[in-house]
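Dear colleague,

I am passing on the structure that we spoke about, together with my notes on what was found in it. Please look at the structure first and then read on.

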Amino acid sequence: RRVLWLAFCLAGCWLAPASAQELRPPTLKSMPPVTVPQELRLPASGRVAVTLIVHSSGAASLEECEASELLCAHIEDAIAAASFEPGRRDGVPIESRVAAELALVHSAPVQPQALPTPTPPDEPLLTFSSTAEVEARSQEQTVLELQGIRSIPGTLGEPFRTLELLPSALPISNGQPFVYLRGAPPVGTLSLYDDIAVPELFHSVIGPQTIHPGLIGDVKLYSAVPPSRFGRLTGGVLSAEKRPPMPQDRVHGEAELRAIDASALLNVPVMEDGSVTMAGRYGFPNGLLNVTNVDASIDYWDYQLLRSLDAGRARFELLTFGARDDTSIDESDPLNLFTLDVQFHRVEARFFGQKKNWELGGAALYGYDYSDVLDRSLDVPTASSKINRVGPRFWAHYGAGRVAVRLGAETLFL
């Protein structure tokens, strides 16, 4: 049973010495609980400091309230319905000022419960107390929600391009989707899709993004020091969440055809509790380059595949995506020929489970990165690299009431 807690602290100035007068502080006889509607937000402690005036008649009125106007209105109603035994000096009722803390609840009103009358001490006691409240400040983040994110002007319907519109972000130049984040260069910002690092956000430097826009949900930007779960990073983080599950009662798809490329997305329900989502893009800008007599060749493509299966309190996912860019500049001049071939691939198998107040998860990642650069104008014309990476990770989240704990670990082998 919820109990209304009221702490009294008698404050006042007395003209005669305490030893010459019989002083009795006011006491609470009855008071209804302070209940507020569910839509009103309570303080973190659940309590509000107030100052009351207890009149000689036994009624009380609210003098000060350290809360919002709506909360104070509910507190004032409860105090008006309360009944007090007034303070007395030599047996005569007097008006008293009382500092109190009231506990607020969202539950339905309960029957008022009389608090025990405290027994005054034989001699007056002088008590000093101090209270300090410290508010924990979490890492602030900028969130762009799925609703309307693809219709922001100037982003070509691509959520990752919204980065240049956010606070603390400064584009390198107009029209390029790379930014300085609080003075740090683009290489200092980690880009994630569903907690998987994406080494290349856009094709051919200023081309379309490598993840289909239809697969992206909310986009979060941590411009300062990110949460510890991202690990091994002191710069900013751009995190794109996976789009919420699509309706499982029908096939969903979308397609787009432009002068430089074509893209498509298809979601197909599988069995009762599963689905397969496929997406991809293929670029053919060479036709436009040939018409404009540009001595260059650009080819790019990407793919994404998500297979999910729900099994009661457990869920299994297989997520894979990748992209490739093959660019050549000055093809007619063998002495200044420049070529760039870059590609990456990611495959991750995941497990999610729930048990009582715990949410558990584990994943195994495989990644492959390849790059090859040829520049005939340099003394050392070629450079290439291949990187294979394998790494498991797991996490656990516990939540009960106001207690929340998150644990996690990750290992990466190159």
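Arg350 counts as buried, because its relative accessibility is 6%, where buried means under 20% relative accessible area, exposed means over 50%, and partly exposed lies in between (1.4 Å probe, protein chains only). Arg350 forms a salt bridge with Glu348, with the closest N and O atoms 2.6 Å apart; the term stands for a side-chain nitrogen of Lys or Arg within 4 Å of a carboxyl oxygen of Asp or Glu. Glu348 is buried as well, since its relative accessibility is 1%.

Before going further, please note that this is a predicted model, in which local features need pLDDT of at least 70 and side-chain atom pairs count only at pLDDT 80 or more, while totals for chains, interfaces and linings use all residues. Residues are numbered from 1 along each chain as its sequence is written, and side-chain values use heavy atoms, with hydrogens and water left out.

Glu348 also meets the side chain of Arg393 in a salt bridge, at 2.9 Å from N to O, and Arg393 is buried, as is Glu348. Because Arg393 lies in strand β25 (residues 382-400) and Glu348 in strand β23 (residues 338-355), this pair ties together parts that are 45 residues apart in sequence. Strands (E, at least two residues) and helices (H or I, at least four) are DSSP runs, numbered from the N terminus.

Which other residues belong to the network of salt bridges that holds Glu348, Arg350 and Arg393? The network also links Asp194, Lys242, Arg315 and Glu317. Within it, Lys242 forms a salt bridge with Glu317, the closest N and O atoms being 3.6 Å apart, and this pair links distant parts of the chain, with Lys242 in strand β17 (residues 237-242) and Glu317 in strand β22 (residues 314-329), 75 residues apart. Lys242 counts as partly exposed because its relative accessibility is 22%, whereas Glu317, at 7%, counts as buried. By the rule given above, the count comes to 15 salt bridges.

Strand β22 also holds Leu319, which is buried, with a relative accessible area of 3%. Leaving aside residues up to four places away in sequence, Leu319 touches Tyr193, Asp194, Ile196, Leu305, Leu306, Arg346, Val347, Glu348 and Arg350, where contact means heavy atoms within 4.5 Å. Leu319 and Leu305 are 14 residues apart in sequence, and their C-alpha atoms are 5.9 Å apart in space.

Asp325 is a further residue of strand β22. What does the side chain of Asp325 make a polar contact with? The partner is the side chain of His203, at 3.2 Å. A polar contact is a pair of N or O atoms within 3.5 Å; within protein, one must be able to donate a hydrogen and the other to accept it, and residues adjacent in sequence count only if both atoms are side-chain atoms.

Turning to the nonpolar cores, the largest has 27 residues, of which Phe160, Tyr193, Ile216 and Phe321 touch the most other members. Strands β13 (179-181), β16 (216-222), β17 and β22 each supply at least two residues of this core. A second, separate core of 20 residues includes Val34, Leu52, Phe84 and Ala100. Such a core is a set of buried Ala, Val, Leu, Ile, Met, Phe, Trp, Tyr and Cys residues joined through side-chain atoms within 4.5 Å.

Among the strand pairings, strand β5 (residues 47-54) is joined to strand β6 (residues 60-65) by five bridges, and the two run antiparallel; two strands pair if DSSP finds at least two bridges between them. Val54 has Ala60 as its bridge partner in β6, and in the hairpin of β5 and β6, which has five residues between the strands, Gly58 takes a positive phi near 100°.

For the protein as a whole, the secondary structure comes to two helices and 26 strands, and 35% of the 414 residues count as buried.

With kind regards
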